[in-house]
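Welcome! Take a moment to look over the fold below, and then we will walk through a pocket, a helix and a strand together.

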Amino acid sequence: MAIKDKKTAVKTVVVAESAGSGRRQETFDVFRRWGYLQSTLDPLGQFLPGEAFPVAVPDGPDAVEARGYYCGTIGVEYMHIASPEKRQWLEQQMERKAPATDQKHVLTQLIKADIFEQVIQARYLGTKRFSLEGLTVLIPYLDRTFEVSAGLGVNKAILAMSHRGRLNVMTNTVGRSATEIFAKFEDVDPRSTMGGGDVKYHLGATGDYTSPEGKKIALHLVSNPSHLEAVNPVAMGRARAKQTRIEVEEGIENAKPQVLPIIMHGDAAFAGQGVVAEALNMATLAGYNIGGTIHIVVNNLLGFTALPEESNSSRFSTDLAKRLPIPIFHVNAEDADAVMRVATIAAEYRHKFGSDVVVDLIGYRRHGHSEVDDPTVTQPRRYAAIKEHPELYKIYAKQIGVDPAAEVAEVQGHFLEEQKKAMKAERKMEMAQLPAYWDKYRGGYIQPADDQVKTGISSGEVVALTAALTTYPESFHVHPKVKKLYEQRVEMAAGKRAFDYGMAELLAYASLVKAGTPVRLTGQDSQRGTFNQRHSVMIDIETEARYTPLEHIASEQGKFEVYNSLLSEAACLGYEYGYSRDYPETLVLWEAQFGDFANGAQIIIDQFISAGEAKWHLLSGLVMLLPHGYEGQGPEHSSARMERYLQLAATDNMVICQPSTAAQYFHMLRRQALRDLRKPLIVFTPKSMLRHPDASSSLEAFSAETFQKVLPDASVKDPRRILLCSGKIGHNLRVEREKRKDNGVAIVFLEQLFPWPEQELQAALDMHPNAEVVWVQEEPANMGALFYVMPLLRTMTRDRAIVKVSRSAAATPATGSPKAHDIEEKALIDMAFGA
C-alpha cells in the first residue's frame, strides 16, 4: 500500500464479449464482487491505487454501466454475505440513480464544521483539539443518518467515538453550544476537577436531533478515554439497556429499531485494537444483539505517524469486518453527495435487516496528530499536497455553484461571539446529565455507598423461594446429577443440609426478582457455573430444551437474564459496564471464568469502572465476580489479583469484598441491589470454598439483618494471637486450629476490604486486647492485600505488635505444582500459629 503516483494506470484484463444468455449477469457479478478494487477513494490520490481484478473482465456496454456503479467514489464489499435477499437489496440500491441531496443543507454543515475548527485554531493555537479537518463530511453524514433513521422509528441514538472530531460532533451534531466547548479551552473552573475530571475531548455530551418532519432523536455521545476502541462495547451495552428499558416499561416485544448505536472509529485503531473484533462478534449473539450497529471509520489514512502499510496487513483497515456477513462501504470523503447516499443506504440496511454496517469514510488529516506536532517530518509528500488542498466546503460550494462567502462570515461571527462568551464564563459547563432513572441512585458525587440496608429474609421466604427455584415441568428430562443437586437444595430449605454458595446466590437473585429488581448475569459458562455450582439453566437431556427457574419465581417479577458469554473479557466486561450505566435498577453481574482472566479487560477496569465517577461523574453498580483461592492449580487459576483493585480504590469509587460464607455472599448481593447509591462491586468469589463445610450457612443465617464487613471471633478467650485474614485461608486456619486444639488463636475474617471497615474491625480487635495481630494471606508478599492492609493496621493498633504472614514475594501468583502448593501452605499455616 505504498504511495503511488497519482497517474498510476490500472491494468485490467479485458476479454471480448461473447454472445449468449446470462452474459450481463456475469459481467455485473464481476464488478459487484471486485469493483471496489478500482474505486477512487483517497481524495489526495496518493493511497489506495486501483488494483487489477483477479478475474477476466468482459468488455462492452454492460461493463461500462457496471463500472459506473461500482468503481466510482463508492466501493462496496458485500458479496461475502451468504443471504441472497441482503445481496439483492444492496444491488438494487447501488444500481439505481442516486437520490437527490439537499446540497445547500450539506454545504451549511460543511461550513460549520470547518469554521468551528478554524476558530479554535486561531484562538487556541497550539492547544490539542484533534481536529476533524479533512473529514468534515462526517457532520452531514451523521445528520443524514439521523434524518433517515428518524423516519424509520429511531428515537434514541448512542454515539461512541475517539477524540478526533469529538468537539466538532459535540457542537454540530449533538447540539451543545460552542460556548460550552470554548469554556473547556478557557478552563473556567479548575477547582472543580482537582483530583478528577478529564480533558475536554474525552467528555460525553447529550442533546437532541430534530428531523425536517419534526421527529426527535435523543442523542448521547459516550464519554471515552484515550484507549480509543475500549468504548465500543460500553456503547453497545448502553444501547441494549435502553432497548430493554423500553421493552419492559412500554410492554413492547422488540425495541431494537428505536435505539440506534453508532460507533466512530479511527482507521489504525479499527485494524489494530483487539476489542474491535471482540465487539463485532457480539452482533447477533443472544445476550448482546442490539439490532445492528452503524460503524463509521473516520479514516485519515494515518495512525499518529504510521502509514497504512504500517497499521494493517491488508488493503483496507476494515478488512477485519469481512469475517462477518455485513456490508462494508468505502467512500471518498470529498464526494459529499456520495457520502449522503451511503449514509442513507447504511441506515436503511440496519433498520431492514437488524444488521451491523461498516462505512469507511476515507479522507485525510489536515494537521498533525494533535495540532502540536509537525507532520511534515514523517509524511512530507502528503502534507505538501494537503497544504495546497482547499477545504471541502470550498470544493463542494464550487461543485454546486454557490458562493459561500456570506454564510462563512455569518458562521465565523457566530463562533467568535460564542468564544467571547466562554471567556467570561464563571461556572462549570456541564455537557452531559445523568438521565432521570439515576435520580434514586446517585446520592451525591464521590460519596460512600450507603450501608443502612436491611438484607435479611425470613426462613419462610427462603422455603418459598427454594420451591420456585427447584420446580420444573413434569415432562422435563433432568440430568441425574442436576436432579440430585436440586433435591439437595430442597433439603437445605428444610434445614437438613447447610446452604452452599450456589444456592445462596440463587436465593439472592430469586428474592430480588420477586420484588421487581431485574438481574442480569453474564460470563463464560455462567449458566452452569465454571465450577458446576450454579445450574441456573436446566437442559433437557433428550431434547436440549432449556428451562430457567429464575424466570418463573412470581407472576409479576423482575426480568432475569443469564448468558454464557463469548470468549472475551474486554468486550464483555465493557458491555456490562455500559448496561449498568443505563439500567441502574438492574443488578448487573459479570463473572470471570477464573479471577485473573479479568486481566484481559484491564483497560475497562482502569478507565471506566474505577475512574468513571471521578473523571466524568458517571455512576455504575456493576458487580465483578472473580473466582479466587489457592488450591494448587497454578499461576492462572489461583489469584484474582486483588492487589490491583485495591491499588485503584480511592474516594469511595468502588466496593471490594471477599465473603467467606454462603450467607454473607447472599447478603452482599442483596445489599448491592438494594442500595440507594450504587458503586462498582468487586467480589473475590470462592472455588473449593463453594462446597467447603465451614463456608456453608444455616437456614437462620439468611434472616440476619445485613452483610457483615468483619466476622469477629468470640469462640476463644484471651488469645495470644489474632489471625486476621480474608477468604479461604481463614477456613484452612480454622480447620488447623481444631486439629491442633489451639485455643490461643482467634481467627477474624475481613469480609470487606474497601472501603476500609475501621469501626467494625476495631471492635473485633478490641475483643482480644492482649493479643498480637497477625495478617495472614495466601498470596505472595508482593501481591494480595498485604501492602494495603498493613499501613491501616499499624495506624489502628499502635500499642500492639503487628505481624505479617504470606508466601515469599514472587514473579507469579502461585506454583504450578500441587505438591509444592501443599508444602507452601503447611509452612504458611505453621508461621501463622507461631509454630
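The second largest pocket has 22 lining residues, and Ser-162, His-163, Leu-228, Phe-304 and His-369 are the ones nearest its centre. Here a pocket is an open set of points on a 1 Å grid over the protein atoms alone, where a 1.4 Å probe fits, with protein on both sides within 12 Å along at least five of seven lines; lining residues have an atom within 4 Å of a point. β7 (259-266) and α9 (267-272) are the elements that give two or more residues to this lining. Helices (H or I, at least four residues) and strands (E, at least two) are DSSP runs, numbered from the N terminus.

This is a predicted model, where local features need pLDDT of at least 70, side-chain atom pairs count only at pLDDT 80 or more, and totals for chains, interfaces and linings use all residues. Residues are numbered from 1 along each chain as its sequence is written, and side-chain values use heavy atoms, leaving out hydrogens and water.

**Helix α8**
- In α8, 17 of the 20 residues are buried (under 20% relative accessible area, 1.4 Å probe, protein chains only).

**Strand β8**
- All six residues of β8 (residues 294-299) are buried, so the rest of the structure largely encloses this strand.
- Ile-294, Ile-296 and Val-298 point one way from β8, while His-295, Val-297 and Asn-299 point the other way.
- β8 pairs with β7 in the parallel sense over five bridges (pairing needs at least two DSSP bridges).
- Six bridges also join β8 to β10 (residues 357-362), again in parallel.
- Within that pairing, Ile-296 stands opposite Val-359.

How values were computed:
Buried < 20%, exposed > 50% of the residue type's maximum accessible area, 1.4 Å probe, protein only.
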